[in-house]
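This report walks through a multi-chain model, chain by chain and contact by contact. Please keep the structure open while reading.

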Amino acid sequence: MTLPPVPDPSAGRRGPRRSVRTLPLKLPSVIVLLLWAVVPLVMTIWFSFERYNLLNAGERGFAGLENYRFLLTDPGLAKVIINTVLLVGGVLAITVGLGTLLAVLFDQSFFGRGAARLLVIAPFFVMPTVSALIWKNMLMDPVNGVLAFLMRGVGLRPVDWFSGAPLAAIVIIVAWQWLPFALLILLTALQSLDPESRESARMDGAGPFAMFFFIVLPHLRRAIGVVVMIETVFLLTVFAEIFVTTAGGPGLASTNLAFLIYRFALLDFDIGGASAGGILAIILANVAAVFLMRTVSRSLET
Amino acid sequence: MKRTLRNKALFTAAAWPVALVIFFPIFWMLVSGFKTEVEAVSTPPRLIFRPTLENYAAVWQRADYVRHAVNSVIVSVGSTLLALGLALPAAYAMAFFPTRRTKPTLLWMLSTKMLPPVGVLVPIYLLFRDLGLLDSRVGLLMVYTLVNLPIVIWMLFTFFKEVPREVLEAGRMDGAGPGREIASLLLPLSLPGITSTALLAVILAWNEAFWSLNLTAAKAAPLTAFMASFSSPEGLFWAKLSAASTMAIAPIVVFGWLSQRQLVRGLTFGAIK
Amino acid sequence: MLGLRRYALVPMLLAAALGRAETRITIATVNNGDMIIMQRLSKEFEKQNPDITVNWVILEENVLRARVTTDIATRGSQFDVLTIGTYETPIWGKRGWLARLDEDLPAGYDLDDVLRPIRDGLSYQGRLYALPFYGESSFTFYRTDLFEAAGLKMPDQPAWDDIARFAKALHHPEKGIYGICLRGKPGWGENMGFISTLVHTFGGRWFDESWRPQLDTPEWREAIDFYVKLVRSYGPPGITSDGHNECRALFATGKCAMWVDATVAASYMFDPAESKVADKVAFARAPVRKSPAGCQWLWSWALAIPVSSQHTKEAKRFIQWATSKEYIRLVARTDGWAAVPPGTRRSTYEEPRYVKAAPFAGLTLQAILAADPSHPTDRPVPYFGIQYVAIPEFQSIGTQVGQLVAAALAGDTTVEQALRSAQQAVERTMRRAGYFQ
């Protein structure tokens, strides 16, 4: 039995009074994040205009736009940015798409559901570097790997993942790691779906597909929005999996922006260049966020 | 009745193969921990073999598992609790008393994670050096809180918005103030969401391998450093890595399994209506 | 009398407390087998030196290097002992970041016993900045059973053309045997470590005397062409993600007929717990083309002390122990002679029990003594190093070029295109670093 929405007589006056009282609730988080965001950001911006190499610390000095010029004239930069976008897009498509379907599936009642759920969430528990190593050497290796063994068993030539399709291989590994995250959030959101709406839809004669598209998906919209936003932020900075498997190669085929910055920061120890790269990454990420916001904004409806 | 049983069987037949396929790499890792090094990388891959505990023995002997595990627990759980403490009031305020600035604030919070950590390593390292926080659990805990706070706020915000307004308004009309509202109404209703959030935050902190390697040395090193020492040395290492990894995720899996029951318990509220 | 004794009690207690005060030293090291043994045996050191406790930070080579470099360059003082190699030591020694170690060595340390090339590799302007823990060069591994079956004989000093011939004859992918395994994974210390030796022995060099990059020269072209053709025709699939470890696993599981790589892998190839081919492997010198000086590489992992350490004295005692003759004998007692850290001291190679336990010892010593990092090829070079160039920029340069060579190997570009891009990239980096305008 649901209560009809009661018009609140104090609604008009609630706004300003309540929001003043909410400031102290939000303030600690905001202050703390402000410090964490601002201090490194300011330092990064500062370093990006400096000629600062850790190994040649004696030659520090103002460098103007030199770091940015060096970064932007890198012949491989366009490819690196495209790789970054492809990586994020690919993983998002797989985790959100497959995650939604699996959430619906695992929401149903079936035998051993608890155990099956635990199995599906398991990939998120393992450290990313370990996952990547296992995928690389034990599964995807074209000579000794399990996938190669299976493919040879059915008469196919094993796929040479890391030579022929390095970015695809990385997308698969990262998507496998993040699927549990999407699944967990979507499943939890699904479980707050009012069983009465489902019942009434069924009584109206809705089949499973109609149910999915008209009841389930709209309900999940907010959760999908959150999954997309959070995953994007993490996926833009994917580094460990690339470092451990392909080292960005062959050529630049699997180098994303984070790996390029790594090359500056920890191979060259060129802090100026790395900082410029970091600023570029932030700019790009903000562009991506604005774009996503347009697409996903309704989920943030407040 | 028959229809529901048939559906149940169908779903079982659909869900279990998917679960097994997704779980397979982990299963392979678990199994490899009990093989010898040479067996672990040979083809054809063997499912039947004589299991050995030599890898676990080697791992245990070589690195101080307990010290690393304690560090991991302190830093992950501590940072999650701290993050929850900061995030709960903020998410509550933003979900139920939204202002014009709520959306941009949320976005800005997420944007603090957009700088690849490797680009900001040296500035943070210099900062920590000057504050004496290098190789300290406190330092690492603070970093993890800050790193996870945006995610925790976002997720709590999302789950709070799922809570039906009517229930809260009914409580409000009964005279409950914000304190009681949060404690006795909101928390129980959104418990599965809070638990999921906590679980994810703990896992993200547990597996975080950049700051934990770069900001610690011997004292505060968590299990990620333990893992890193078994990763890619010269020579065959995949069996030992599998064993070490199993030891590293064991505490987290137990924690995850325990909180699963919380999730299940919290779900029955849907039927109460 | 009693009163006086009571006053004496306090300083006595104080002295006892201070005497038992423990110094903790933190050592950062690589997770290779020899260092793991050192970690285990450090309990012996702690027993002999009860006032010192050793804390260990063990990481994979690349992660370790980044971690340690960040710390020493920012004077973070996180470590008292660093494990670094012949690449970093002269660079950091020049910058005054490392403590000098050839002074006040204990009697019996016998610095002259240390092999000359290794010692030179760890010095700057004649001053020693790190004590060598183990040393290595490179040579050829091959399968005696496969050679016998095909009626082939591996000469003591093969030429690269010989190797190409052998690889062709022994390549049987349908049986799971590949002719030759060579590193393909991009990285300055991975594929480029090997490829630098190839280029040098083909007569090429990284830079001319004015530091102009030479990647567009015919020698580079010939070397990379040879490499790509050889590995594409007779190597295993997926080679572009196979570094030292993966190749080692391939050879140890019997998939490769030949392998050219580090001498330190030899003792593991003989160990049946680590290798399926323990009874079927033999060794020869690294293959040569035109110039013998740079066909094998020279590397040493050594222990050094940053000047910012608070416990220099204790750290020195530790590294003097770990690089001493006594330590080598200790390892022989606990793990057998085959497991002692190789390549640092002449006395190791004069020990008959070592030579008996390690049939590859003679070749290893020959290779180390033949490697000359100051003359890696027949033409003069401005740099030091065979499988790397001892300049700070090399990590980035080597990795960039390594990625491009891997692209050529994978067939994504031609060798010509790859080398052109590589030349561009290196020129950009060197110009920015100020080597030329």
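## Chain B: burial and fold

Of the 273 residues in chain B, 51% count as buried (20 or more other C-beta atoms within 10 Å of the residue's own; 12 or fewer is exposed, in between is partly exposed; C-beta atoms are placed from the backbone). The model is predicted: local features need pLDDT of at least 70, side-chain atom pairs count only at pLDDT 80 or more, and totals for chains, interfaces and linings use all residues. Residues are numbered from 1 along each chain as its sequence is written, while chains are lettered from A and ligands numbered from 1 in the order in which they are written.

Chain B has 14 helices and zero strands. Helices (H or I, at least four residues) and strands (E, at least two) are DSSP runs, numbered from the N terminus. The C-alpha atoms of chain B fill a box of roughly 70 × 70 × 30 Å along the principal axes. Among contacts in chain B with a separation of 6 or more, 78% link residues 24 or more positions apart. Two residues are in contact if their C-beta atoms, placed from the backbone, lie within 7 Å.

## Chain B: confidence

The mean pLDDT of chain B is 83, and 91% of its residues reach 70 or more. pLDDT is the predictor's confidence in each residue, from 0 to 100. Within chain B, helix α11 (residues 211-214) has the highest confidence, at 92, and helix α14 (residues 269-272) the lowest, at a mean of 35.

Over residues 266-273 of chain B, pLDDT stays under 50. For this stretch the model has nine contacts beyond four places in sequence. Where pLDDT is low, the predicted coordinates should not be read in detail.

## Contacts between chains

Chain A and chain B meet through 87 residues from chain A and 84 residues from chain B. Helix α1 (residues 11-48) of chain A gives the most to the side of chain A that touches chain B, with 15 residues. By class, that side has 64 nonpolar, 20 polar and three charged residues. Ala, Val, Leu, Ile, Met, Phe, Trp, Tyr, Cys and Pro count as nonpolar, Asp, Glu, Lys and Arg as charged, and the others, Gly among them, as polar.

Chain C puts 30 residues in contact with 25 residues of chain B. On the chain C side, α2, β2, α3 (61-73) and α10 (244-252) each supply at least two residues. That side divides into 12 nonpolar, 13 polar and five charged residues.

## Chain C: two domains

Chain C is divided into domain 1 (23-136 + 299-357) and domain 2 (138-296 + 379-432). The bounds come from an automatic or database domain assignment. The domain centres, taken over C-alpha atoms, are separated by 28 Å.

Nine residues of domain 1 of chain C are in contact with 10 residues of domain 2 of chain C. On the domain 1 side, α4 (88-94) and β6 of chain C each supply at least two residues. That side has seven nonpolar, no polar and two charged residues.

## Chain C: the five-stranded sheet

Five strands of chain C form an open sheet in the order β2-β1-β3-β11-β6, with mixed pairing. Two strands pair if DSSP finds at least two bridges between them. β2 (52-59) and β6 (131-136) of chain C each have a single partner strand, so one side of each is left without a neighbour in the sheet. Neighbouring strands are turned by 20° against each other on average, direction ignored.

β1 (residues 23-30) of chain C runs parallel to β2(C), joined by eight bridges. C:T23 stands opposite C:I52 in β2(C). Two bridges join β1(C) to β3(C), also parallel, and C:I27 has C:V81 of β3(C) as bridge partner. β3(C) pairs with β11 (residues 299-304) of chain C in the antiparallel sense over four bridges; there C:L82 stands opposite C:A304.

Five of the five residues of β3(C) are buried, so it is largely enclosed by the rest of the structure. C:V81, C:T83 and C:G85 cover one side, C:L82 and C:I84 the other. Helix α2 (residues 33-48) of chain C lies across β1, β2, β3 (81-85) and β6 of chain C, at about 170° to β2(C). Axes are lines fitted to C-alpha atoms, for helices over the stretch in contact, and angles run from 0 to 180 degrees between N-to-C directions.

## Chain C: the four-stranded sheet

A four-stranded open sheet in chain C has the order β8-β9-β7-β10, with mixed pairing. β8 (178-181) and β10 (281-285) of chain C are the edge strands.

β7 (residues 138-143) of chain C and β10(C) pair in the antiparallel sense over five bridges. C:F139 stands opposite C:R285 in β10(C). α10(C) lies across β7, β8 and β9 of chain C, at about 145° to β9(C).
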